[in-house]
Amino acid sequence: MSSKTQEHKSGKLVIPGERLGVIEEFIPNSGTYVKDGIIFSQVIGRALVDLISKKVSVYPLVSELIAPKISSIVIGQVGNAQSDNVLVRIFRVGSNALSGVFTGIFHISDVQERYVNSMSDVCKPGDILRAKVISNKNKVYHLSTKDSGLGVLYAFCSRCSHVLEPKRYDMRCPNCGNIERRKFALDYGKEKI
Ligand SMILES: [Zn+2]
């Protein structure tokens, strides 16, 4: 058994299961759990012991794994493309960069309300896309861009790879003059990636 002074671990890096104190002395707060009257850390983080309120907490060092959920707004890069669907490598959920890699599938029926002829008029491999998760059955993230805030954020010329500029309903390459089509978001080119 350690002495009471050794248990005042404010600011110390702790790991799950590390002893923080006893309930006779402290009030367990966030990031902790109690077993047999002893307070332990639940997460990897910095222990904080408030000597006035007697609360002991642990502030997580790494945020919990963020996975896309239904209706999450995600940002990803278009990968493999077919005429009626594309795969999207999701790298951000909301404002959180992801630690894991999630793959989304974006089907032609989820682009917009109006009929779309081919996915090549919507997005192309390499494009950066903002979309909404509409289903996550079996960890397959189905994406939709049925909103003016959703769609391609950055598109690249398929001839010369330069970033395309929106021009009315089409996209134009300022470098080579190539005209292409995309379903681009209203704030196209403004999102910081
Ligand atoms: Zn070009």
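Predicted model: local features only at pLDDT ≥ 70, side-chain atom pairs only at ≥ 80, totals over all residues.
Residues are numbered from 1 along each chain as its sequence is written. The chain has a mean pLDDT (the predictor's confidence in each residue, from 0 to 100) of 89, and 92% of its residues reach 70 or more. Residues 1–6 have pLDDT below 50, and this stretch has two contacts in the model beyond near neighbours in sequence. Two residues are in contact if their C-beta atoms, placed from the backbone, lie within 7 Å.

A nonpolar core is a set of buried Ala, Val, Leu, Ile, Met, Phe, Trp, Tyr and Cys residues joined through C-beta atoms within 7 Å; buried means that 20 or more other C-beta atoms lie within 10 Å of the residue's own, again placed from the backbone. The largest such core has 31 residues, and Val86, Val88, Cys123, Leu129, Ala131 and Val152 touch the most other members. Strands 8 (73–81), 9 (85–93), 10 (96–107), 11 (128–135) and 12 (141–144) are the elements that give two or more residues to this core. Strands are DSSP runs of E, at least two residues long, numbered from the N terminus. Leaving aside residues up to four places away in sequence, Leu129 touches Gly76, Val78, Val88, Cys123, Val152 and Leu153. A second, separate core has eight residues, including Val14, Phe26, Val56 and Val58.

An open sheet of three strands runs in the order 14-15-16 with antiparallel pairing, where pairing requires at least two DSSP bridges between two strands. Strand 14 (165–167) and strand 16 (179–180) are at the edges with a single partner strand each, so one side of each has no neighbour in the sheet. Strand 15 (residues 170–172) pairs with strand 16 over two bridges; Met171 has Glu180 of strand 16 as its bridge partner.

Note on methods:
Buried ≥ 20, exposed ≤ 12 C-beta atoms within 10 Å, placed from the backbone. Helix = DSSP H or I, 4+ residues; strand = E, 2+ residues; numbered from the N terminus.
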